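Subject: The structure I promised you

Hello,

Here is the structure we talked about, ready for you to open. Have a look around it first if you like, and then read on for my notes.

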Amino acid sequence: MRIVNFKVFTAVILAVVMLSGCGLSKMIKKYPTVKFKATPEVLESTGGRITVQIDGTFPAKYFHKKAKLEIVPVLTNMQGVELTKLKSITLKGEKAVGDGQTINYKTGGTFTYTDVFDYNPNMNASELFINPSASLKKKTDVKLGQIKLADGVVYTSERVVRDEDLQVADHGYELETLITHSGNLYFEYNKSNLNTNLALNKDKANADTLAAVLAFLQKNWKVKSIDINAWASPEGELTLNQKLSDERGKVGNTWFIDQVKKMIKAKTLNITKPEELAVTVAAKGEDFDGFMKALQASNMPQKETITNVIKSQENKAAREKAMKDMTVIYTEVETMLSVLRRSEIKIVCYLPKKSKEEIMQLSTSAPEKLDNKELLYAATLTDNMETKYTIYKSATTIYPQEWKNFCNAGYAAMSLGKLDEAATYLDKANTLKASEPKVLYNIGVLNFWNKKNETADSYFNQAKAGGIDVSYNMGLLKIRKGDYTAALNAFGAKKCKNNIALAQLLSGNASGATTTLGCVKPMTAADYYLLAIAGARSGNTSQMYENIRKAITADAAYRSQAKEDREFLKYFKEAAFQEATK
């Protein structure tokens, strides 16, 4: 606390004496003996609010019994312009009428005053004054003299940085897409020679499927695999079935190679000999599982009975006989078994795609030539946020019904600090897909940045219900509310973040904040500046000066901030501080 120069004040006293009479003149003369103290002496914003307590002590035989004092603390900027008036307190002598706290003339007395008011950035460099007004009889509003009680305002709690992990909708693009076509060659019971007149082979649907397999190969896409898997129906003898499947595989392979030779001759296949295709032939034996699946999927009323009979057999031989008997009783069983006697030809190819370089080039030069997934994928191929934003904006125009485009455009706009544009995109995303957790999360962050804390809290809880981890964001809300312990609990196991260090610093753990900032990589100007504040609070001036310089080097805006920041108030006149901030 610092008191005004009372040499100047003497002239005021003499003038007031002439106006106020002997009652107030005595109070004015003894005014310097009245003690006022503000707590804290440097005001601080906590949860967006500033609390100040003023204690006053009046000596014995000071307060005129019929006098009244009104004290209205005023916060002004450094030019003396009033920023805000706090609530008033009225003090009165023992015989004064009206409201107010009584101060005894003979013994003197004390008062305690507390007020809480909203923080405003204009208050960062400010001072708190009082100039009590005395009243006695007909003399009113006689000023006793201005006294400075406190400096203001430490606003470190307002230094929450924007380091949330914003949500980006998945692009859904596959680097490799595999396309599969398969068809079957069917065989008669206990035979492995290919009968093209067999009903199943002549069936138009099956013939068309096989033709589609061959046509697929003639697209000349990159082949991943060609497999020929041969099976036997499970009602035959086990050894025979294995032999049949082996022979059917070889027959299937011969048939396929013949078709390949025809394609090569017709020049519809871009190879010169069949051996260039790596064909894998596998004899799978009897397809018991295939039969059981077909049985369970059928509409046969007796399927459970048949299942129980088959499963109750003691060995495979008995099971095979039971199944063979079933083919005599139920024609449906024979139909199920007939489609298991096959040689399956399966071709897997890579779907041709544009190269990464082509996708990236088109995304900014001709985005309409890309599909939606390609556009969203293109944005992941660059670290330049302006380029990402350009791509996402193009996606919203070309594919205006896709919520992902608007979600990601909102994310990019937020990352660039274009909050109004972000709000427009995110609102549209929320319209296209209501209750999408990623959109709700980003809207929550946007509201938090705009200091709409309650709205942000609501959106975070909705995003949490959708499965997104919002614990870090809840911790930031706790900082805004001034509950630093709860913030640290919400952060949990997270480490190496500016806001975690901020909560530690605000909760009185400057050394913990220093340790946390020490593992932040890479450090930003905000990180250096917070480290400087931690140095000031712990009395480590070398840490303070070093990091003030680093913060200013990284961002010159911190020079003017440091020169007025009340965190460094007691160092303002130090040559080392002035050197660090020049």
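By a nonpolar core I mean a set of buried Ala, Val, Leu, Ile, Met, Phe, Trp, Tyr and Cys residues joined through side-chain atoms within 4.5 Å. Please keep in mind that this is a predicted model.

**The cores**

The largest nonpolar core holds 84 residues, and those that touch the most other members are Met 414, Ile 479, Phe 491, Ile 548 and Phe 568. Which helix gives the most to this core? That is H20, spanning residues 525-538, with 10 residues. Leaving aside residues up to four places away in sequence, Phe 568 touches Tyr 529, Ala 532, Ile 533, Ala 536, Met 544, Ile 548, Ala 562 and Phe 577. There is also a second, separate core of 38 residues, and among its members are Ile 50, Phe 58, Ile 71 and Leu 128.

**The strands**

Strand S13 (residues 147-154) is worth a stop. With 8 of its 8 residues buried, S13 is largely enclosed by the rest of the structure. S13 runs parallel to S2, to which 2 bridges join it, and Val 42 has Asp 151 in S13 as its bridge partner. Strand S10 (residues 126-130) runs antiparallel to S13, with 5 bridges joining the two; here Ile 130 is partnered with Ile 147 of S13.

Elsewhere you will find an open sheet of 5 strands with mixed pairing, in the order S8-S7-S4-S11-S12. Its edges are strand S8 (101-102) and strand S12 (139-143); each has a single partner strand, so one side of each is left without a neighbour in the sheet. For S8, the link to strand S7 (residues 89-92) is parallel and consists of 2 bridges. In that pairing, Lys 92 has Thr 102 of S8 as its bridge partner.

**The cysteines**

How many disulfides does the model have? The count comes to 1. This disulfide joins Cys 496 to Cys 519, with an S to S distance of 1.9 Å, and the link is left-handed, at -115 degrees about the S-S bond. The two cysteines are 23 residues apart and tie together distant parts of the chain: Cys 496 is in the loop between helix H17 (484-491) and helix H18 (498-506), while Cys 519 is in the loop between H19 and H20. Are they buried or exposed, or something in between? Cys 496 counts as partly exposed because its relative accessibility is 30%, and Cys 519 is likewise partly exposed, with a relative accessible area of 33%. Two further cysteines to look at are Cys 349, which is buried at 1% relative accessible area, and Cys 407, which counts as buried at 0%.

**Backbone details**

Most residues other than glycine have a negative phi, and most peptide bonds are trans.

- Thr 39 and Pro 40 are joined by a cis peptide bond, with omega about -5 degrees. Pro 40 sits in the loop between strand S1 (35-39) and strand S2 (42-46).
- The peptide bond from Lys 521 to Pro 522 is cis as well, and its omega is near -15 degrees. Pro 522 belongs to the loop between helix H19 (510-518) and H20.
- Lys 61 is not a glycine, yet its phi is positive, at about 60 degrees. Lys 61 is in the loop between strand S3 (49-58) and strand S4 (68-71) and is partly exposed, with a relative accessible area of 48%.
- Asn 220 also has a positive phi, near 60 degrees. Its place is in the loop between helix H3 (204-217) and strand S15 (223-232), and at 31% relative accessibility Asn 220 counts as partly exposed.

**The cavities**

Searching the whole structure turns up 2 cavities of 30 Å³ or more.

Definitions and conventions:
Residues are numbered from 1 along each chain as its sequence is written. This is a predicted model: local features need pLDDT of at least 70, side-chain atom pairs count only at pLDDT 80 or more; totals for chains, interfaces and linings use all residues. Side-chain values use heavy atoms; hydrogens and water are left out. Buried means under 20% relative accessible area, exposed over 50%, partly exposed in between (1.4 Å probe, protein chains only). Helices (H or I, at least four residues) and strands (E, at least two) are DSSP runs, numbered from the N terminus. Contact means heavy atoms within 4.5 Å. Two strands pair if DSSP finds at least two bridges between them. A disulfide is a pair of cysteine sulfur atoms within 2.5 Å. On a 1 Å grid over the protein atoms alone, a cavity is a set of points where a 1.4 Å probe fits but cannot get out, and a pocket is an open set with protein on both sides within 12 Å along at least five of seven lines; lining residues have an atom within 4 Å of a point. Grid points are joined across faces, edges and corners, and a volume is the space filled by probe spheres set on the points.
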